[in-house]
Amino acid sequence: LTVPEQILAGEQSPGSRFHGIASGNLTRRHVLIVGLTVCFPRSAHAAATGLSFDELYGKVGVLGLEFSRKVLELSGQYVRIEGFMAPPLKAEADFFVLGRVPMAICPFCSSDADWPDDIVVVYLKRKQTFEHNAGMIAVEGTLEHGSWTDPQTGFVSLLRIRDATFE
């Protein structure tokens with residue numbers, strides 16, 4: 001049980017911080033703990049799992065790149081990856097490309113068959129104005145894999161990080 005659930009359930013195990021609550025012994029401390037937990041819930045993304053460009057693909061098969069076991073396991077999970085931001089196509093956008101090395105041009109390809117093995121498309125939580133950053137950045141967000149065509153831009157991607165933030 002979480003702390004608020006323990007408090008509300010009145011956990012009765014001897015030595016418990018919440019022993020006696022069910023019998024009406026609610027203290028200011030208990031109210032404060034519940035209040036803080038409600039007002040400041042633990043982030044759903046408390047700890048991002050690290051992912052590197054070397055861990056994105058397992059091998060190249062007859063059909064092209066194959067995702068690594070780690071990518072398959074982390075798909076839909078909150079991850080952190082470090083890399084270099086490609087120059088954005090326009091100053092204000094809600095996405096950019098993250099690469100293993102600094103890039104001079106945007107690396108989008110015509111199909112997923114041509115997809116480079118060292119880039120990830122990053123979709124931000126909200127549109128923002130970019131200033132090109134030549135240094136390494138860290139991106140956190142939800143990993144998504146599989147061929148997908150962005151309906152607004154027509155760009156094809158194999159790996160994406162959604163609802164992302166970067167620093």
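Leaving aside its neighbours within four places in sequence, which residues is Arg-80 in contact with?

A: Some ground rules before the contacts. This is a predicted model, so local features need pLDDT of at least 70 and side-chain atom pairs count only at pLDDT 80 or more, while totals for chains, interfaces and linings use all residues. Residues are numbered from 1 along each chain as its sequence is written, and side-chain values use heavy atoms, with hydrogens and water left out.

Now the contacts, meaning heavy atoms within 4.5 Å. Beyond those sequence neighbours, Arg-80 touches Ala-48, Thr-49, Gly-50, Leu-51, Ala-138, Val-139, Glu-140 and Glu-167. Arg-80 itself sits in strand 4 (residues 78-85); strands here are DSSP runs of E, at least two residues, numbered from the N terminus. With 26% relative accessibility, Arg-80 counts as partly exposed. On that scale, buried is under 20% relative accessible area, exposed is over 50% and partly exposed is in between (1.4 Å probe, protein chains only).

One of those contacts deserves a zoom: the side chains of Arg-80 and Glu-140 are joined by a polar contact of 2.8 Å. That term takes a pair of N or O atoms within 3.5 Å; within protein, one must be able to donate a hydrogen and the other to accept it, and residues adjacent in sequence count only if both atoms are side-chain atoms.

On to the rings. Searching the whole structure turns up seven aromatic pairs. Rings of Phe, Tyr and Trp (its six-membered ring) pair if their centres lie within 6.5 Å; planes under 30 degrees apart are stacked, over 60 edge-to-face, the rest tilted. Tyr-57 and Phe-67 are stacked, at 5.6 Å centre to centre and 25° between the planes. Tyr-57 belongs to strand 2 (residues 57-61) and Phe-67 to strand 3 (residues 64-67), so this pair ties together parts 10 residues apart in sequence. Tyr-57 is buried, at 13% relative accessibility.

Phe-130 and Phe-166 have ring centres 6.4 Å apart and planes at 15°, so they are stacked too. Phe-130 is in the loop between strand 6 (119-129) and strand 7 (136-149), and Phe-166 is in strand 8 (residues 156-166), 36 residues apart. Phe-130 is buried at 8%, whereas Phe-166 is partly exposed at 27%.

Conventions:
Helices (H or I, at least four residues) and strands (E, at least two) are DSSP runs, numbered from the N terminus.
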